[in-house]
Amino acid sequence: MIPLATKFKNMKKILLSLSVVFIAAMILTSCSKSSPKDVANTWLNSFYHMEYEAAMKVSTEDTKNFIAAFKSLSGMMPDSMKKDSKDIKIEIKDVKEVDTIATVTYNLLKAGETKDAAKDETLKLVKRDGKWLVQFSKSDAGEEAIEEEPAEETATTDSAATTVPADPP
């Protein structure tokens, strides 16, 4: 017959093991951000705060390529701009989910701006293999994020230009 003290020790070990497993499962479940709103919030905050690696974790392959290009350009930004990016606030206003596509409407608030100044922006997400990912491209960035400079027109009015005569036939 097993002594009562040994039974309590074994029971204690089993209970402790089950508790650890339960807590680990709860932590893993709470850490997985699988809703479109959670993924959009993670992506938007990471992208606008210039934490590109974190944004890539919840991005499609095309979006990862876009972010990689953007990341290489961000190295040329002044430190003051990088510092200001940390003050950007994101407000998710609405999430519309249809099958495997979600559209998130949000506001981007820069430091010192009021909610009245913010305009609605949208972000598209797609569900792949049961996981929501951000689908973002240059065309989604809008004029403010990626503004191409117009080509300068250079008029060549060189009055001192010389004409070289053609060789005689």
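Rings of Phe, Tyr and Trp, the last taken by its six-membered ring, are paired when their centres lie within 6.5 Å. The legends below describe close-up views of a predicted model.

**Figure 1. Trp43, Phe47, Tyr48, Tyr52, Phe66, Phe70 and Phe136 form one aromatic cluster.** A search through the whole structure finds 10 aromatic pairs. In the pair made by Phe47 and Tyr48, the ring centres are 5.3 Å apart and the planes stand at 80 degrees, so this pair is edge-to-face, and both of these residues are buried. Phe47 also forms an aromatic pair with Phe136, and this one is tilted, with 5.9 Å from centre to centre and 55 degrees between the planes. Because Phe47 lies in helix H2 while Phe136 lies in the loop between S4 and helix H6 (138-145), the pair ties together parts that are 89 residues apart in sequence. With buried taken as under 20% relative accessible area, Phe47 counts as buried at 5% relative accessibility, and Phe136 counts as buried at 3% relative accessibility.

**Figure 2. The largest nonpolar core of the model has 25 residues.** The residues with the most contacts inside this core are Trp43, Phe47, Leu123 and Leu125. Two or more residues are given to the core by each of helix H2 (36-48), helix H3 (52-56), helix H4 (61-74), strand S1 (89-98), strand S2 (101-109), strand S3 (120-128) and strand S4 (131-135). Among these elements, H2 gives the most, with six residues.

**Figure 3. The surroundings of Trp43 bring together residues from several stretches of the sequence.** When residues up to four places away in sequence are not counted, Trp43 touches Ala55, Val58, Ser59, Thr63, Ile67, Leu123, Val134 and Phe136. One of these contacts, Leu123, is also named with Trp43 among the residues that have the most contacts inside the largest nonpolar core, and another, Phe136, belongs with Trp43 to the aromatic cluster.

**Figure 4. Four strands form an open sheet in the order S1-S2-S3-S4, with antiparallel pairing.** Strands S1 and S4 stand at the edges and have a single partner strand each, so one side of each is left without a neighbour in the sheet. On average, and with direction ignored, neighbouring strands of this sheet are turned by 30 degrees against each other. Helix H2 packs on the sheet and touches S1, S2, S3 and S4, its direction making about 145 degrees with that of S1.

**Figure 5. Strand S3 is paired in the antiparallel sense with S2 and with S4.** The pairing of S2 and S3 runs over seven bridges, and that of S3 and S4 runs over five bridges. Lys124 in S3 stands opposite Thr103, and Lys124 also stands opposite Gln135 in S4.

**Figure 6. S3 and S4 form a hairpin with two residues between them.** Asp129 is found in the loop between S3 and S4, and its phi is near 55 degrees, a positive value in a residue other than glycine. Most residues other than glycine have a negative phi. With exposed taken as over 50% relative accessible area, Asp129 counts as exposed at 86% relative accessibility.

**Figure 7. Met50 has a positive phi of about 65 degrees although it is not a glycine.** This residue is found in the loop between H2 and H3, whereas Asp129, with its own positive phi, is found in the loop between S3 and S4.

**Figure 8. Ser34 and Lys131 are 97 residues apart in sequence and 6.4 Å apart in space, C-alpha to C-alpha.** Ser34 is found in the loop between helix H1 (4-31) and H2, and at 46% relative accessibility it counts as partly exposed. With residues up to four places away in sequence left out, Ser34 touches Val39 and Trp132.

Conventions: Residues are numbered from 1 along each chain as its sequence is written. This is a predicted model: local features need pLDDT of at least 70, side-chain atom pairs count only at pLDDT 80 or more; totals for chains, interfaces and linings use all residues. Side-chain values use heavy atoms; hydrogens and water are left out. A nonpolar core is a set of buried Ala, Val, Leu, Ile, Met, Phe, Trp, Tyr and Cys residues joined through side-chain atoms within 4.5 Å. Buried means under 20% relative accessible area, exposed over 50%, partly exposed in between (1.4 Å probe, protein chains only). Contact means heavy atoms within 4.5 Å. Rings of Phe, Tyr and Trp (its six-membered ring) pair if their centres lie within 6.5 Å; planes under 30 degrees apart count as stacked, over 60 as edge-to-face and the rest as tilted. Two strands pair if DSSP finds at least two bridges between them. Axes are lines fitted to C-alpha atoms, for helices over the stretch in contact, and angles run from 0 to 180 degrees between N-to-C directions.
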